[in-house]
Structure formats: structure tokens, C-alpha cells
Amino acid sequence: MKKILVTGGAGFIGSHLCEALLKQGNEVICLDNYFTGNKQNILHLMDNPYFEAIRHDVTMPYAIEVDEIYNLACPASPVHYQSDPIKTINTSVMGAINILELAKGLNCKVLQASTSEVYGDPIIHPQPEEYWGNVNPIGIRSCYDEGKRCAETLFFDYHRQKNVRIKVVRIFNTYGPHMHPNDGRVVSNFIMQALQGKDITIYGDGQQTRSFCYCDDLVRGLIAMMETNDSVTGPINLGNPNEFTILQLAQLVIELTGAASKIVHLPAVSDDPTQRQPIIDKAQDVLHWEPTIQLREGLLKTIEYFKGSCFPTN
């Protein structure tokens, strides 16, 4: 049994990771300030004697003895990270420093949940890990994009200068149960609009592309990365390489929900990437990982979750 710290453990991805680690027979400490995390996401874990939830903000140092650390603490949807951009960048940067200092003192492995947003609006498509990105440093998304880029810098400098045992993954669009219904992400937006009988709103012409990875697949990738030897630092892309336009996603959500919703186009938003698709050769070769749940199956699971959690009488 390992004792594992998961920061942001009450969030969308963090809660699934906590559950998976417990199922492996580990002791799990969930650290969350509940800025975007939700206690409902971990309520079903509270009776497990090997699970503990602690309210704490990673921008402040925290002391605990653990064997591994997964650093997932940061708001990840534009609605949430743009609501307090200074807090967002502080969470990425100061949070990384505090977690790295903890890992250094414990000599334990620490995994940074980075993001495909480090690639910005990519000039190279699809995106390999070697691509340095095309990011606006002063735009409305910069607090998240540049915060995550700086966190990667800190992780690799702590590795080179202080021999911290790091793992860095770049997470592409992920969806599934425990998503916040009002987080502004495209999958949750479309599903909630369809279930409410509202029009589906697309910003721009809908030809911008994304690659959607189901949460269970992603969690398998995170754990596989942590379990590699210390020579594997990353960064490694984790995502589903199958690419869809936003318009295709909207049409599929309407089909699977049986909604009568119409698609309405609104003005494009600032700095919205036009393309997003991972090259996952490294994940396949090094982690022996690739996603197994494709978009239609994953959307059906996600729709059922939103029906049960947001419309329980239906």
C-alpha cells in the first residue's frame, strides 16, 4: 500500500483518480480548496478508511509524508480560470513550487497535470511534445496557458537543479461524469443545453477542432505515467487522437439526447484555438497506453450522469 497525495482531488479528473488509486489498494489523501472542486464528487469515497479529504489551498505550503504526489490543483475551464485570473496563475506557479518543495523533502515522485493549452493556437498540427507552442502571453486565457507553461518550467528546473523525481503529462480535452454542469466547457455546455431543450450555442463557425478523451482513459494514463521509472520525465501527451469539429460534436449530442435543439452560432471568443489534436506515440511506446472509449460511448455515459445529477426526476 502506498500513501498518495492528490491535489485538486475533489475536482472532475481528481475525483476519478482518487477512486482509481483506492481501488488499487492505496491510501489516498485528497487536498482541495473547493474553488472548483465539489464534495459531491468524493462523497462516495468518504466511508473508505483509506481515504481522507483535507481543505487546503496549494498556494500555501503543506506538510505531509506520502510516497507519491499527483498535482492536479488548478481551475481548468475558461469560465472558472478567467473569473479570477490572478488566483489561477498563482495556483499554477506557487502551487507548483510548494508541491515541488514537498516532493524534494520527501524524495518522492511528483506528477504535474499540465495541459494541451501550452501549445496555444498551434501552427503545427497535430501536436507533438516537441512543439513549443503559439501562446498569447497577455490574452484572457494567458493566466491558465502561461501558468501551466511556467509550472512545467519549474518542474524541469527542480528536476535538473534539485534532482526532484518528476513526471509531466499534457492533458488534452477530457470529459465524463463529475464535470461541472456550468463550467463553460463545450461537452458539458452542449449536453446541458440539449437536456434543457435549449438551442446549442457554438462560438464561431464550428469548424474549430478538438479531440475528446473520456475520463477513465485519462486516469489510466496518469497512473501509467506515475508507475514508469524515474528516467521517464515527460512531457507526454495524454488524449484521444480522434479529431472532431465542434459542429460534429453538437450534432452528435443532439442525436444521442434526442433533443429538438437547434444549433445557433455566436461570435468567436478571443484566443480560442482553431485546432487541437495530440500525437500520442510516446504514450503508446513508453506507457503502453491509448484510449479505448470513443466519443459516442463516452458521451452516452456522460449524458446519463447529467440526467441523474441535474435532472433526477426525469
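Predicted model: local features only at pLDDT ≥ 70, side-chain atom pairs only at ≥ 80, totals over all residues.
User: Where does H4 bend?

Analyst: The bend in H4 is at Thr-91 and comes to about 25°, and Thr-91 is also among the buried residues of the helix.

User: What span should H4 have, and how far apart are its ends?

Analyst: Helix H4 covers residues 85–106, and because each residue counts for 1.5 Å, its 22 residues should span 32 Å, which agrees with the 31 Å between its end C-alpha atoms.

User: What comes after H4?

Analyst: H4 is followed by Asn-107, which has a positive phi, near 55°.

User: Changing topic, how many cavities of 30 Å³ or more are there?

Analyst: The structure holds 1 cavity of 30 Å³ or more, and the largest cavity contains about 30 Å³ of space.

User: Which residues line the largest cavity?

Analyst: Its lining is made up of Asn-71, Ala-73, Cys-74, Thr-91, Ser-92, Ala-96, Gln-112, Lys-148 and Ala-151, and the elements that give two or more residues to this lining are H4 and H5.

User: Which element gives the most?

Analyst: H4 does, with 3 residues, while by class the lining has 4 nonpolar, 4 polar and 1 charged residues.

Conventions. Residues numbered from 1 in each chain as written. Heavy atoms only, no water. Helix = DSSP H or I, 4+ residues; strand = E, 2+ residues; numbered from the N terminus. Expected span 1.5 Å × (residues − 1). Bend = angle between axes of the 7 residues up to and from the residue. Buried < 20%, exposed > 50% of the residue type's maximum accessible area, 1.4 Å probe, protein only. 1 Å grid on protein atoms, 1.4 Å probe; cavity = no way out; pocket = protein on both sides within 12 Å on 5 of 7 lines; lining within 4 Å. Points joined across faces, edges and corners; volume = space filled by probe spheres on them. Nonpolar A, V, L, I, M, F, W, Y, C, P; charged D, E, K, R; others polar.
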